[in-house]
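Subject: A structure for you to look at

Hi,

Here is the structure I promised to hand over.

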Protein chains: 2
Amino acid sequence: MKLIKAEIIAIGDELLYGQIMDTNSHWISQQLDLKGVKVAHKTTVGDNRNDILDAFSQAEKRVDLILITGGLGPTQDDLTKPLMAEYFGCPIVEVPEAVSAITEFFKKRGREMTPLNTLQGHLPACCEYVPNPAGTAPGMWFERNGTYWMSMPGVPHEMKRLMNDFVLPKLPEIFELPVIYHKVVKTVGIGESWLADLIADWENALPDHIRLAYLPSLGQVKLRLTAFGTNLIELQEQVEQQISLIFPRIGKYVFGYNEETLETAIGKLLKKSGKTLALAESCSGGYISHLITSVPGSSNYFQGSIVPYHNQFKQEILGVKAETLEKYGAVSEETVHEMSEGVRKIFHSDFGLASSGVAGPDGGSEEKPVGTVWIACAGENGTVTKKLQLTQDRLLNIQLTGVAVLNLLRVQLSSDDK
Amino acid sequence: MKLIKAEIIAIGDELLYGQIMDTNSHWISQQLDLKGVKVAHKTTVGDNRNDILDAFSQAEKRVDLILITGGLGPTQDDLTKPLMAEYFGCPIVEVPEAVSAITEFFKKRGREMTPLNTLQGHLPACCEYVPNPAGTAPGMWFERNGTYWMSMPGVPHEMKRLMNDFVLPKLPEIFELPVIYHKVVKTVGIGESWLADLIADWENALPDHIRLAYLPSLGQVKLRLTAFGTNLIELQEQVEQQISLIFPRIGKYVFGYNEETLETAIGKLLKKSGKTLALAESCSGGYISHLITSVPGSSNYFQGSIVPYHNQFKQEILGVKAETLEKYGAVSEETVHEMSEGVRKIFHSDFGLASSGVAGPDGGSEEKPVGTVWIACAGENGTVTKKLQLTQDRLLNIQLTGVAVLNLLRVQLSSDDK
């Protein structure tokens, strides 16, 4: 089977000047990788005739599929369409279907259409018109000597719509592609090198057609298994079989698969068990509540939270004892213990979570340097606490506290689940 | 003055497969733009000999400065160094200074050094060794026929260190560059097209050497003024003069300049006036508290917050009246009014902010569709409320509520400030 190669060409001065981050190319890369198409080049050029034509001819020499984003606005700065017409040697003609789609687009939104917008429905005669339901610049599909070209607008949600509706489904029709099966195993509470040590022998024994990638992110490590072959069902079985081999070793760190996040995983566990949750966030300052309430339907299990940013409120609202704060300080096992139990009572919830720490950059001491954080989880079977020693960076400390607190709850919920 | 052109070449399979987002190229673009160097091309290639050599020769034909990132690890996959030696036709030799810097790097961190690490101190004989205090792969600086080349590691903080310490200060020495002055005016509470209408005549009358860019982001619009010339003090004065012309029209929307964020701006206003703040967040679920507490030193003015995710807690904790909830519902002017005053009392704060709304995707009704949000700001001079009609997207609704609530407070603080 021939390896199909692609090139992504992003067009626009704003990308070169650093005004806009090119997230399109990254997303397209990921989608093509999932389909078994190899992205061999990415090129970014400005709104400049020679540079664009040069990028076209370079790309045509070396790849089978060329995906172009940007340079399709209604103004004169936008050169992609006229230059594609020139490059392919065909005139720009009115495409009545495209003009009426654009007219309809404006009508639906009650917005006025300018003559320039009408011209967006005029396309090179040698391309296939691809409707863009999310915007006014149509997609354009070309083929010449076995190389396929797609031009799309640079607005991310319009580009994604054209990729999802048209390009990605078309790939298996025009190319002979390998069948690929991906599965991402998501872990928390273990570092990348420890995880790698745990499964080193298994990784070395993986068959050639199954690839493993470690994708670390904030306090979490994802394991991505990719299997290449000809039969999807077989690949799926083989990947599941491989995962079952390591599950006894790493299962306790696994919180989900593929698109699952720690907060959606916890939501599912809470819903399943019919339990509810409340939070007392000192150093995390509302961040964990935000994570939890970002999940649609979280009101089914989330009762509420309190951010007591001063000791006075840890006492007045949460009922932490004055002696505790005086004797052990706000950043202590004893204080988070009382905070978690206090917030559980106030919100009549099954679980109460708490955080208290020195987020930084100021407020550290020799005994409790910046990055010292205590967390707690109170439940009907008692209260567990944990000390974290994090970084010098305030935002990172807040985020890592969030992961650790959610994982503390996950471990409780998972052990209840057994 | 000749326009100096640059090309960025990013090397690595992980960039093409979409495993890693190339944030380096974006950052480098921004830095070069600030220096008056025009980035004309960006190229990304994989760990492939021919593709890399081809990228080198294409770049050398068209630009004055070539910045290369990635492909400098200690393993055999990393091709940048041997291919640069091959391209420039010179052998790789031991650079004792580089070897001892790497040895020192490992010694300081108590980590063991492998023979492969020692080889990182061997460099092409025709390059200038550039120390990398943040890592083990040195920078390499080349010059040939008036084109300058810099090779840097792909790890972002190492690349930034080499750019900041070596490349950026070198540019004015090797090239004749224009003097550039940038200033970003940050606005909130007005849409891009309304803002553009307000200042259209001024924009059209801007002198040729001052450029304006609109940079919209979540609920905010930034105006970036860029002045080109030969004398920094003069440019600075001219830009300030231009801003003073529009300030009477747009001043009430301006919350800061350059790196200022809405939450740091509010922090400054609160500190200056010695006032304190508390929040009652229903639909925003802790997000606004997180924004505020992300700012170092926020404990000076932030007292705390309550996230009452059910009506019961709006009553029990915040003291919202049962009649109010029954008669008007949780998403109402009356409820946020009482929430903001309640939370102000509980935390003994000067200001109390509140949000309540239908974040979605569920929970909407004909009368109160998804995206309906009420916000309030209670202070010593009374309570102001505002209704927002936002989007269908849960996360976006949470974020836009955050901007609107912070802006409500900003307006109060700014009018107190006068």
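Below are some notes on a sheet, a pocket and the cavities.

A word on the basis: this is a predicted model, in which local features need pLDDT of at least 70 and side-chain atom pairs count only at pLDDT 80 or more, while totals for chains, interfaces and linings use all residues. Residues are numbered from 1 along each chain as its sequence is written, chains are lettered from A and ligands numbered from 1 in the order in which they are written, and side-chain values use heavy atoms, leaving out hydrogens and water.

**The sheet**

An open sheet of 10 strands runs in the order 17(A)-16(A)-15(A)-13(A)-14(A)-14(B)-13(B)-15(B)-16(B)-17(B), with mixed pairing. Strands (E, at least two residues) and helices (H or I, at least four) are DSSP runs numbered from the N terminus, and two strands pair if DSSP finds at least two bridges between them. Strand 17 (382-389) of chain A and strand 17 (382-389) of chain B stand at the edges with a single partner strand each, so one side of each has no neighbour in the sheet.

Where do the chains join up in this sheet? Strand 14 (residues 302-308) of chain A pairs with strand 14 (residues 302-308) of chain B in the antiparallel sense, over 5 bridges. There, S305(A) stands opposite V307(B).

**The pocket**

The second largest pocket has a volume of about 930 Å³. A pocket is an open set of points on a 1 Å grid over the protein atoms alone, with protein on both sides within 12 Å along at least five of seven lines; a cavity is a set where a 1.4 Å probe fits but cannot get out, and lining residues have an atom within 4 Å of a point. A volume is the space filled by probe spheres set on the points, which are joined across faces, edges and corners.

This pocket is lined by 32 residues, with V184(A), K186(A), K222(A), N258(A) and E259(A) nearest its centre. Helix 2 of chain A gives the most, 5 residues.

**The cavities**

There are 3 cavities of 30 Å³ or more. The largest cavity holds about 200 Å³, and among the 16 residues lining it, D22(A), S25(A), D22(B), S25(B) and T44(B) are closest to its centre. Strand 2 of chain B supplies the largest share of that lining, 3 residues.

The second largest cavity has about 110 Å³. Helix 3 of chain B gives the most to its lining, with 5 residues.

Enjoy exploring!
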